[in-house]
Amino acid sequence: MGIFKKAEKKLEGFVEGGFGRAFKAGVQPVELAHKLAKEMGDHKTVGVSNVYVPNEFDIYLGEADYGHLSSLSDSLKAELANYVTAFARREGWTLVAPPRLDLHRDDDLRVGEFGIATGAVTAPAEAPAAAYAPPAYAQPAYVPPPAAQPAYVPPPAAQPAYVPPPAAAAPGPLLDQTVLYQEQAPAAAPPMAWAAGPRATLRGRQGEWELREAVTVIGRSRRCDIVLTDPNVSRQHAEIRRQDDGFMALDLGSTNGMRINRRDVKQAVLQHGDRIELGTAELVFERLP
């Protein structure tokens, strides 16, 4: 009997209510199923005629939970994928490709804690390309008929058509274009203006980044300027803005909030040595000379 055979109907109340008291030992598969369904709903994209939801899920587990669930890895991932597909079909959502789930170990998580990162990937396109490879045999069929070449050889009249154009005798427009191009060249100077302003870096376990832009976005999404893989970091968690001769940190409505020097803040002017906490990730702000 499948893990979700009887649990699905009571999933909402079971997980939110007494589930934590009944299974203090660790993460249960039904908890993962419930969270996967919620993540799809939280990250759906409304198209013209379809509602698209993520189909790529990275599940992060603590050491003990990973050791327990990884022994069921293949069966568990298959059953969770079937559950995600059935749930999306029931809600009228569209998956662009079959679900892909992976289990990862995160030693920062305790027993019973887990995180899920979502994304959308499409099926590989190698198969269609191979399907069109065989028509290469159609080329020899067209090679023998060289009769088409004599048909185009006689008309050399096209060459005289290019000889008369004394268009090169119109230097006026060329000079105008050159002037316009020179006028645009100085416009490249403003982007260097930031170099005269303050310089700073953010340093953490995943690397070090210099704050070069007017606004630097930090989060789990690959579209952010600084990408953190911590599952407790929101997709767009916070941003660092240049202000006059300094920098300011702002929380972007993240799930777990932002802390600076162990204090919860929504925004703050940064000083050299400040420690910024996003989820369980910590970044150190340093001013450069």
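Colleague: Which three strands form an open sheet, and in what order?

Modeller: Strands (E, at least two residues) and helices (H or I, at least four) are DSSP runs, numbered from the N terminus. Two strands pair if DSSP finds at least two bridges between them. Here the order is E4-E3-E5, and the pairing is mixed. Strand E4 (100-105) and E5 stand at the edges with a single partner strand each, so one side of each has no neighbour in the sheet. From one strand to the next, the twist averages 20°.

Colleague: In which sense do E3 and E4 pair?

Modeller: They pair in the parallel sense, over six bridges. As an example, Glu56 has Arg100 in E4 as its bridge partner.

Colleague: Before we go on, what kind of model is this, and how are residues numbered?

Modeller: This is a predicted model, with residues numbered from 1 along each chain as its sequence is written; local features need pLDDT of at least 70, and side-chain atom pairs count only at pLDDT 80 or more. Totals for chains, interfaces and linings use all residues, and side-chain values use heavy atoms, with hydrogens and water left out.

Colleague: What does pLDDT average over the protein chain?

Modeller: pLDDT is the predictor's confidence in each residue, from 0 to 100. The protein chain averages 75, and 65% of the residues score at least 70. Where pLDDT is low, the predicted coordinates should not be read in detail.

Colleague: Which helices lie across the strands E3 and E4?

Modeller: For angles, axes are lines fitted to C-alpha atoms, for helices over the stretch in contact, and the angles run from 0 to 180 degrees between N-to-C directions. H3 lies across E3, E4 and E5, at about 35° to E5. Helix H5 (residues 73-91) lies across E3 and E4, running at about 135° to E4.

Colleague: In what order do the six strands of the other open sheet stand?

Modeller: The order is E7-E6-E16-E15-E12-E13, with antiparallel pairing. Strand E7 (207-210) and strand E13 (263-265) are at the edges; each has a single partner strand, so one side of each is left without a neighbour in the sheet. A hairpin joins E6 to E7 through two residues, and four bridges link these strands. E6 (residues 199-204) is also joined to E16 (residues 281-288), by five bridges. Arg203, for one, stands opposite Val284 in E16.

Colleague: How much space lies in the largest pocket?

Modeller: Rolling a probe the size of a water molecule over the atoms shows where empty space is left. On a 1 Å grid over the protein atoms alone, using a 1.4 Å probe, a pocket is an open set of points with protein on both sides within 12 Å along at least five of seven lines; lining residues have an atom within 4 Å of a point. Grid points are joined across faces, edges and corners, and a volume is the space filled by probe spheres set on the points. The largest pocket holds about 620 Å³. Its lining has 21 residues, and Thr118, Gly119, Ala120, Ser221 and Arg235 lie nearest its centre. Strand E3 (56-61) and strand E5 (114-119) each supply at least two lining residues.

Technical notes. Contact means heavy atoms within 4.5 Å.
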